[in-house]
Amino acid sequence: LARDGYNAVQLGFGAKKAKNTPLPMQGHFRKAGSDPLRTVHEFRLDAGHAYKLGQTVGVTELTDVARVDVTGVTKGKGFQGGIKRHGHHRGPAAHGSKNVRDPGSIGMHTFPGRVLPGKPMPGQMGNKQQTKKNLTVVAIDQERNLLLVKGSVPGAKNGIVFIRPSR
């Protein structure tokens with residue numbers, strides 16, 4: 001739109017009660033001619049796209065696509081140690097050793113006197129956006145609006161994912 005300075009469409013998913021929707025969003029949905037939706041995401045498009053206000057989009061858009069990219073938020077696993085998070089090995093468990101699951105050395109001596117950036121260390125694992133690329137489309141069930149792909153899809157069951165044709 002000329003008002004925004006770019007062309008885009010907003011897609012929404014999942015029903016939501018109007019009383020649980022903020023008033024500005026209620027007006028936004030009313031203008032689009034739809035009921036309130038739980039998730040709304042905006043996608044940029046080239047000028048002259050064929051989408052209309054309030055139109056429903058399904059898997060029919062991907063009928064002639066052989067490979068897709070799937071983006072989702074991975075399962076969150078909380079704060080994890082180096083063994084689980086990065087696949088580090090354990091230290092010795094006997095003879096008075098106290099570094100069984102510890103990271104061991106994390107840097108050099110006085111020079112450079114700091115831990116280098118990107119050092120694999122314990123920390124938050126999962127709950128990050130991830131894109132799996134070039135997944136093969138096995139089948140499309142248009143009656144149930146399902147797209148079957150071969151390979152892993154990021155996120156928990158019933159999580160929301162974004163699917164686009166691979167380049």
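Me: Let's start with Asn 145. Is Asn 145 buried, partly exposed or exposed?
Reply: Asn 145 counts as partly exposed because its relative accessible area is 42%. On this scale, buried means under 20% relative accessible area, exposed means over 50%, and partly exposed is in between (1.4 Å probe, protein chains only). Keep in mind that this is a predicted model, where local features need pLDDT of at least 70, side-chain atom pairs count only at pLDDT 80 or more, and totals for chains, interfaces and linings use all residues. Residues are numbered from 1 along each chain as its sequence is written, and side-chain values use heavy atoms, with hydrogens and water left out.

Me: Ok. Where does Asn 145 lie?
Reply: In the loop between β6 and β7 (146-150). Helices (H or I, at least four residues) and strands (E, at least two) are DSSP runs, numbered from the N terminus.

Me: And what's up with the phi of Asn 145?
Reply: Phi is positive there, about 60°, although Asn 145 is not a glycine. Asn 158 also has a positive phi, near 65°, and is a residue other than glycine.

Me: Where do I find Asn 158, and is Asn 158 buried or exposed?
Reply: Look in the loop between β7 and β8 (162-165). Asn 158 counts as exposed because its relative accessibility is 83%.

Me: Let's zoom out. How many helices and strands does the protein chain have?
Reply: Two helices and eight strands. Starting at the N terminus, the order is β-α-β-β-β-α-β-β-β-β.

Me: What's the radius of gyration of the protein chain?
Reply: The protein chain has 23 Å, while a compact globule of 167 residues would have a value near 15 Å. The radius is taken over C-alpha atoms, and the globule rule is 2.2 Å times the number of residues to the power 0.38. The C-alpha atoms fill a box of roughly 70 × 40 × 35 Å along the principal axes.

Me: What share of the residues is buried?
Reply: Buried residues make up 15% of the 167 in the protein chain.

Me: Which residues are in the largest nonpolar core?
Reply: That core has eight residues: Val 59, Leu 62, Val 65, Val 68, Val 70, Leu 135, Val 137 and Leu 147. The elements giving two or more residues to this core are β3 (67-73) and β6 (129-141). A nonpolar core here is a set of buried Ala, Val, Leu, Ile, Met, Phe, Trp, Tyr and Cys residues joined through side-chain atoms within 4.5 Å.

Me: Take Val 137. What is Val 137 in contact with?
Reply: Leaving aside neighbours within four places in sequence, Val 137 is in contact with Val 65, Ala 66, Arg 67, Val 68, Leu 147, Leu 148 and Val 149. Contact means heavy atoms within 4.5 Å.

Me: Switching to charges. How many positive and negative side chains are there?
Reply: There are 27 positive and 10 negative ones, and the centres of the two sets lie 14 Å apart. Lys and Arg count as positive and Asp and Glu as negative, while His and the chain ends are not counted. The place of a charge is NZ of Lys, CZ of Arg, CG of Asp or CD of Glu.

Me: Pick a lysine for me. Where does Lys 128 lie?
Reply: Lys 128 is in the loop between β5 and β6. With 45% relative accessibility, Lys 128 counts as partly exposed. Apart from neighbours within four places in sequence, Lys 128 is in contact with Gly 72, Val 73 and Thr 74.

Me: And Lys 98, buried or exposed?
Reply: Lys 98 is exposed, with a relative accessible area of 76%. Lys 98 is found in the loop between α2 (82-86) and β5 (123-125).

Me: Last one: which residues does a cis peptide bond join?
Reply: Phe 111 and Pro 112, with omega about 5°. Pro 112 has its place in the loop between α2 and β5.
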